[in-house]
Amino acid sequence: MAQDLLRLGELDSGWEQVNRVQTKDPYDVTIFNLKQLQSQLETLDTIEAPGFIIRMDKKEAKVYGHEVAELLIEAREVLTKKYNTELIEPIYVEIFPRQKEFAIRTFGLPGGEGFLGVCFGRLITANSPAALKVDSNWKAVLWHEYCHVVTLQKTKNKMPRWLSEGISVYEERQRNPIWGQSMDTTYKQMILGDDFVPMSQLSSAFLQPKSPLHLQFAYYEASLAIEYWVEKYGMQSLLRLLEDLSVGMPADEALRRAPGSLDALDEEFFVFASEKAHEYAAEIGLAKPSEEERKEIAVWLEAHPESIYAIRLKVQALISSNRWEEALELAKQLQTLLPNDASNDGVYAMLAAIHRARKDLEQERNALVQLTNLSADCRQALMRLLEIDRERMDFESIFVWCERIIEIDPLRLEVQIARAQAAQKRGNSGVAVRSLNACLELEPIDPASIHYQLALTFESSQKFEQAKRHVLMALEESPRYIEALTLLAKIRKQSDSQRPQSTIEGTSP
Ligand SMILES: [Zn+2]
């Protein structure tokens, strides 16, 4: 009960129960873990936004708390309207800088490394980028989790997991087509092979997946099921399905209503999904070498020249032996076959590597840009683009790449510095100030220059008090900072000339 209450956001009574269990059994492992966590939770910062209580690590809250709040407010606006739901609020969002704390808060025990975030209806727990070993887009994760809040509350928690996951992944793609999962050669093969699960049995795909890949595929397939439902029966019908579930109608019965029978539903969805799979990269060959055939890969490659795996392997081999022109030719063929390859080590990453080796900066940049149009977590490509465009002082592009990298990792000093500069150039002083303040939290080598930049930004937007404060802080760090001294003199002059007459005469108290 203690754990359930905590997961439901009933914090006071939850902690009360934790204490009760602990007095009776001080050796209970979960309770011991939760007590440890309680003291950690007290060190977190709280950000309040309409409908939310957000808790984050102190430093992280200062770096990107504002952006977290902005995104959640947008999600609330869009999704509660779309799903016509009145929520019980506030929603608690807890973002942990260490995975083990996320695990204790979510599961009561360490583990669950594969989870980015979890939702219990009123509580969302998530890993911060600092807690993760893989690149992931935290905006997409929070959008997904918040969508669970909406669907779980709408159905009073009476919905199958596949349906809630399907809607969350579907809504990620609605917000941004490159968020959420999308079709790739693996999924194409799974749908057209033996791994497709009929819609009426999708629960089992989540409860007993054959492998981690099958579980991941279940999320994708569930999102396709929602796409099919909305295309065929419309959004209103999806809402009715959720309403039916909320009043306790069994899932099978609720699902049967629109198509007439579960068989019809399964049949229609199979046709929909296999069409999508056939359409994706229609020209490619999908033959894959077996373990045995891998031992004699050259022979297998000869026999399967049209296979996508064969072409990929060949390009990689050509790259590793520095045969750039041949690699380029074959990679271009691959691109024609698979123009929507969103994988971060796929055809666009290969093309970028080849062009880079050939010192063709323009083409390298093109390939990287194409990857960023398909992938939401392509950190490496974005970092390289940032490097290229900083050389060219292309501030519009720098700004875009920085914003995109911050969606994956806001805790990188050089990216926050670059965004601040680009924002200043674009006359966006609000974002510049936000980024410079973030920099101060990220242990800059030269805090004086950050304060100086802040002073300049405030000065340019006529905020002389703040400008003066930061220029003094710069001088406190570095008393012989000539530019800062000059700026201080300038600010004094400007703020003096702005001062109202009465103050100079000393008539006001
Ligand atoms: Zn989910």
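## Helices and the overall fold

Helices (H or I, at least four residues) are DSSP runs, numbered from the N terminus. Ala 418 lies in one of them, helix α22. The model is predicted.

The protein has 27 helices and 5 strands. Its C-alpha trace spans about 90 × 70 × 50 Å along the principal axes. The protein has 509 residues, and 50% of them count as buried. Take the contacts between residues at least 6 apart in sequence: 61% of these join residues at least 24 apart.

## The α22 and α23 pair

Two packed helices are described by the angle between their axes and the distance between the axes. Helix α22 covers residues 413-425, and helix α23 covers residues 429-441. They pack at an angle of about 155°. Their axes are 8 Å apart. Angles over 145 degrees count as roughly antiparallel, and α22 and α23 are therefore roughly antiparallel to each other. The crossing of α22 past α23 is left-handed.

Both helices supply residues to this contact. From α22 come Leu 413, Gln 416, Ile 417, Arg 419, Ala 420, Ala 423 and Gln 424. From α23 come Val 431, Ala 432, Ser 435, Leu 436, Ala 438 and Cys 439. By type, the residues of the contact are 9 nonpolar, 3 polar and 1 charged.

Ala 418 has a relative accessible area of 2%. Buried means under 20%, so Ala 418 is buried. Leaving aside residues up to four places away in sequence, Ala 418 touches Leu 386, Arg 390, Ile 398 and Cys 402.

Ala 418 and Ser 435 are 17 residues apart in sequence. In space they are 8.8 Å apart, C-alpha to C-alpha.

## Helix α21 and its neighbours

Helix α21 runs over residues 395-406 and has 12 residues. From its first C-alpha to its last, α21 reaches 16 Å, close to the 16 Å expected at 1.5 Å a residue.

Buried residues of α21 are Ser 397, Ile 398, Phe 399, Trp 401, Cys 402, Arg 404, Ile 405 and Ile 406. Two of these names return from the previous section: Ile 398 and Cys 402 are touched by Ala 418. The buried residues of α21 pack against α4 (58-82), α6 (138-154), α19 (361-372) and α20 (379-391). They also pack against α22 and α23.

## Backbone exceptions in the loops

Most residues other than glycine have a negative phi, and most peptide bonds are trans.

The peptide bond from Glu 89 to Pro 90 is cis, with omega near 5°. Pro 90 sits in the loop between α4 and β3 (91-96).

Asn 157 is not a glycine, yet its phi is positive, at about 65°. Asn 157 belongs to the loop between α6 and α7 (161-175). Its relative accessible area is 47%, so Asn 157 is partly exposed.

Met 393 also has a positive phi, near 55°, in a residue other than glycine. The loop between α20 and α21 holds Met 393. Exposed means over 50% relative accessible area. Met 393 has 56% relative accessibility and therefore counts as exposed.

Methods: Residues are numbered from 1 along each chain as its sequence is written. This is a predicted model: local features need pLDDT of at least 70, side-chain atom pairs count only at pLDDT 80 or more; totals for chains, interfaces and linings use all residues. Side-chain values use heavy atoms; hydrogens and water are left out. Axes are lines fitted to C-alpha atoms, for helices over the stretch in contact, and angles run from 0 to 180 degrees between N-to-C directions. Helices (H or I, at least four residues) and strands (E, at least two) are DSSP runs, numbered from the N terminus. Angles under 35 degrees count as roughly parallel, over 145 as roughly antiparallel, 65 to 115 as roughly perpendicular and the rest as oblique. A crossing is left-handed if the near helix is turned anticlockwise from the far one by less than a right angle, and right-handed if clockwise. Contact means heavy atoms within 4.5 Å. Ala, Val, Leu, Ile, Met, Phe, Trp, Tyr, Cys and Pro count as nonpolar, Asp, Glu, Lys and Arg as charged, and the others, Gly among them, as polar. The expected span of a helix is 1.5 Å times one less than its number of residues. Buried means under 20% relative accessible area, exposed over 50%, partly exposed in between (1.4 Å probe, protein chains only).
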